[in-house]
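Hello,

Here is the structure I promised you. Please open it first, then read my notes beside it.

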Amino acid sequence: LARNAAAQEDYTAALAINENLEAAYFSRGGLRLHASPPDLDGAASDFNEVLRFSPNRPGAHANLGAVWSARGNLGEAEAAMTTDLHARRHIILRAT
C-alpha cells in the first residue's frame, strides 16, 4: 500500500511539471484502480485523460470498463470493453 501511494505521488508530481504525460496518467490510473480501497473517480479521470491524448489507446477503455464494473454499471463496462477490443483489433490489422 505504501508503494502504491508513493508511486501515485510520483506520477502526480511529474504531471504537475508536465501535464502532457499520457503514460503517467495511464500508470497513475492503474494504481488508483488497484489501490485498497480503489479510487474509482481518480482512476476514471486519469483514463479519460489518456483517451483525450489517444482515443484508441489499448487498455484505457478496458480499465474504464473495470471502473464501470466496480461501480456496478455493467452496461457501461461492456461498452468500454467492446471499444477496447475494437481498438486492439484496429492496431493488429494495421500492423499486418
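Start at phenylalanine 47. This residue is buried, because its relative accessible area is 0%. Buried means under 20% relative accessible area, exposed means over 50%, and partly exposed lies in between (1.4 Å probe, protein chains only). Those areas come from the Shrake-Rupley method with a 1.4 Å probe, and for residues only the protein chains shown count as cover.

Please keep in mind that this is a predicted model: local features need pLDDT of at least 70, side-chain atom pairs count only at pLDDT 80 or more, and totals for chains, interfaces and linings use all residues. Residues are numbered from 1 along each chain as its sequence is written, and side-chain values use heavy atoms, with hydrogens and water left out.

**The overall picture**

The protein has five helices and zero strands. Helices (H or I, at least four residues) and strands (E, at least two) are DSSP runs, numbered from the N terminus. The pattern along the sequence is α-α-α-α-α. The radius of gyration is 14 Å, close to the 12 Å that the globule rule gives for 96 residues, so the protein is as compact as a globular protein of that length. That radius is taken over C-alpha atoms, and the rule is 2.2 Å times the number of residues to the power 0.38. Along the principal axes, the C-alpha atoms fill a box of roughly 40 × 30 × 20 Å. Of the 96 residues, 33% count as buried. The protein exposes about 5,900 Å², and carbon and sulfur atoms supply 55% of that area.

**Rings**

The structure holds two aromatic pairs. One of them joins phenylalanine 26 and phenylalanine 47: the ring centres are 5.8 Å apart and the planes are at 70 degrees, so this pair is edge-to-face. The pair links distant parts of the chain, with phenylalanine 26 in α2 (residues 22–33) and phenylalanine 47 in α3 (residues 40–53), 21 residues apart. The rule: rings of Phe, Tyr and Trp (its six-membered ring) pair if their centres lie within 6.5 Å; planes under 30 degrees apart are stacked, over 60 edge-to-face, and the rest tilted.

Two arginines also lie over rings. Arginine 52 is over the face of phenylalanine 53, at 4.6 Å from the ring centre. Arginine 71 is over the face of tryptophan 68, at 5.6 Å. A charge sits over a ring if NZ of Lys or CZ of Arg is within 6 Å of the ring centre and within 35 degrees of the ring normal.

**Arginine 32**

Where is arginine 32 found? It is in helix α2. Arginine 32 is buried, with a relative accessible area of 15%. Its side chain makes a polar contact with the side chain of aspartate 46 (3.2 Å). A polar contact is a pair of N or O atoms within 3.5 Å; within protein, one must be able to donate a hydrogen and the other to accept it, and residues adjacent in sequence count only if both atoms are side-chain atoms.

**Loops**

A cis peptide bond joins serine 36 and proline 37, with omega about 0 degrees. Proline 37 is in the loop between α2 and α3. Glycine 72 is in the loop between α4 (60–70) and α5 (74–95). Glycine 72 is exposed, with a relative accessible area of 53%. Its phi is positive, near 85 degrees.
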